Amino acid sequence: MLTILATLFAIIGWQPALATAIEAVTVTPERVTVQFDDYVENASAFVLDDPSRIAIDIAGARAGNNSRGGGAVDSVRQGQYSPGTARIVLDLSRPVVFDNGRFAEDGRSFVLDLRPASRIAFASAAGAGRASFFPPMALRARLQGRGGLSVPLPRATPADQRALPTVRGPRGRPLVVIDAGHGGHDPGAISPFGQLREKDATLAIARALRDRLLESGRVRVALTREDDRFLILQERYEIARRLGAELFVSVHIDSAENPEAHGATVYTLSEVASDRDSARLARRENAADIINGVNLGGQDDDVRSILIDLTRRETMNISSRFVETFWRQANGALPFRDDYHRFAGFAVLKAPDTPSILFEAGYLTNRDDARRVFSRDGQSAIADGMARAIETHFARRIAAASP
Ligand code: ZN
């Protein structure tokens with residue numbers, strides 16, 4: 001028992017220390033070389049499209065400074081992806097893919113070969129996922145002897161093993177997952193009227209909606225976050241999928257250059273954005289995953305491949321029908337935009353089997369809207385309209401399903 005404890009402490013003690021730093025990243029047209037000042041655990045790499053990038057994760061290392069590129073690599077950015085892993089992002093000016101990753105014999109450097117690729121080869125590499133590389137066996141044994149690495153215990157809890165949020169409400173009822181946009185170090189949009197933060201309004205609205213739904217007891221409810229914390233977009237819809245949600249509602253507040261822009265909009269997923277503003281908004285919301293220039297979302301789902309899937313199509317139809325129900329139930333109580341139903345490729349809506357909507361409750365850049373979404377009255381009006389829509393939506397589906 002003592003031995004186990006000692007081992008555990010050795011691991012826990014080692015983890016936050018992370019003595020190893022990335023000393024240099026050198027890029028030539030043929031390869032990228034990463035040098036460390038001590039041993040690391042492993043390296044893995046993957047290709048990201050749109051924009052074209054190669055990401056290299058170094059487990060057991062601290063991120064160093066950004067550096068110059070070379071060849072097809074425009075720039076080299078670094079960030080701490082998680083406490084135990086540094087991420088290096090290579091921004092590409094033309095498509096190159098990687099090959100043949102290897103550690104030096106002494107484990108102090110990692111080399112990845114680069115080679116030019118066609119657009120098609122690049123896109124398929126982007127869909128191929130992650131390749132992992134390990135230092136020589138002898139070195140790993142030595143690291144283990146040092147009391148730290150290679151012990152088969154998870155270093156960080158992956159998203160799919162994290163505790164799921166609490167589900168509330170009567171057993172057997174359909175489940176709605178409400179997602180308060182942004183949170184933690186990501187404030188979302190900031191209002192020019194009193195520095196109000198989007199993340200605070202989204203959480204207040206999510207809570208109001210949950211309470212309103214639990215009051216009438218016709219559905220079960222879970223929130224992706226119940227406090228001020230950061231979740232990546234993928235985690236948000238993964239929560240809905242893993243809980244078996246029948247509806248996913250992501251709450252946001254929009255912003256625009258034009259202070260006159262106001263009103264609520266509901267977005268559903270589409271391969272093609274309905275207009276330029278929607279495309280821009282999707283890019284901005286999707287960028288929540290990119291912190292310090294590091295994409296935390298991992299690989300981008302290819303919406304196109306999913307779109308041909310019939311499940312996805314049915315899901316999108318249900319999502320669109322919900323938008324119409326919402327408009328009919330809440331129009332009047334809520335100021336909707338004339339074009340209240342718009343489409344774009346939001347990352348948070350990409351769960352293929354969960355009907356999902358992204359609700360922009362108003363504009364933080366409009367004085368009346370800002371006041372409305374931050375006031376208790378405004379929030380409860382939103383919660384009430386949305387709750388009526390959710391209850392009608394499920395009542396109709398249950399009626400349609402019964403003989
Ligand atoms: Zn937002």
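1. A crossover between two strands is called right-handed if, with the strands pointing away from the viewer, the path from the first strand over the helix to the second runs clockwise. In this predicted model, strand β11, helix α4 (residues 198-216) and strand β12 form a β-α-β unit of that right-handed kind.

2. Some overall figures place this unit in context. The protein contains ten helices and 18 strands. Of its 403 residues, 49% are buried. Among contacts between residues at least 6 apart in sequence, 73% join residues at least 24 apart. The accessible surface comes to about 19,100 Å², and carbon and sulfur atoms account for 51% of that surface.

3. Strand β11 (residues 175-180) deserves attention. Six of its six residues are buried, so the strand is largely enclosed by the rest of the structure. In a regular strand the side chains alternate between the two faces of the sheet.

4. Which strands pair with β11 in the parallel sense? One is β12 (residues 220-223), joined to β11 over four bridges; here V177 has A222 as its bridge partner. Another is β13 (residues 247-254), which pairs with β11 over five bridges, and in this pairing D179 stands opposite S250.

5. L247 lies in strand β13. With a relative accessibility of 0%, L247 counts as buried. Leaving aside residues up to four places away in sequence, L247 touches L175, V176 and V177, and also F322, T354, P355, I390 and F394. For F394 the separation along the chain is 147 residues, yet the C-alpha atoms of L247 and F394 are separated by 9.5 Å.

6. The side chain of R236 reaches the backbone oxygen of L231 at 3.3 Å. Beyond residues up to four places away in sequence, the residues that R236 touches include D179 and A180, as well as G181, H182, T224, R225, F248 and V348.

7. At the start of α9, a side-chain oxygen of N366 comes to within 3.2 Å of the backbone nitrogen of D368.

8. A pairing of the antiparallel kind is found between strands β1 (residues 22-27) and β2 (residues 31-36), which are joined by five bridges. Within this pair, V25 stands opposite V34. A hairpin of three residues connects β1 to β2.

Notes
Residues numbered from 1 in each chain as written. Predicted model: local features only at pLDDT ≥ 70, side-chain atom pairs only at ≥ 80, totals over all residues. Heavy atoms only, no water. Helix = DSSP H or I, 4+ residues; strand = E, 2+ residues; numbered from the N terminus. Buried < 20%, exposed > 50% of the residue type's maximum accessible area, 1.4 Å probe, protein only. Contact = heavy atoms within 4.5 Å. Areas by Shrake-Rupley, 256 points an atom, 1.4 Å probe, with all protein chains shown as cover. Polar contact = N/O pair within 3.5 Å; in protein donor to acceptor, adjacent residues only side chain to side chain. Pairing = 2+ DSSP bridges.
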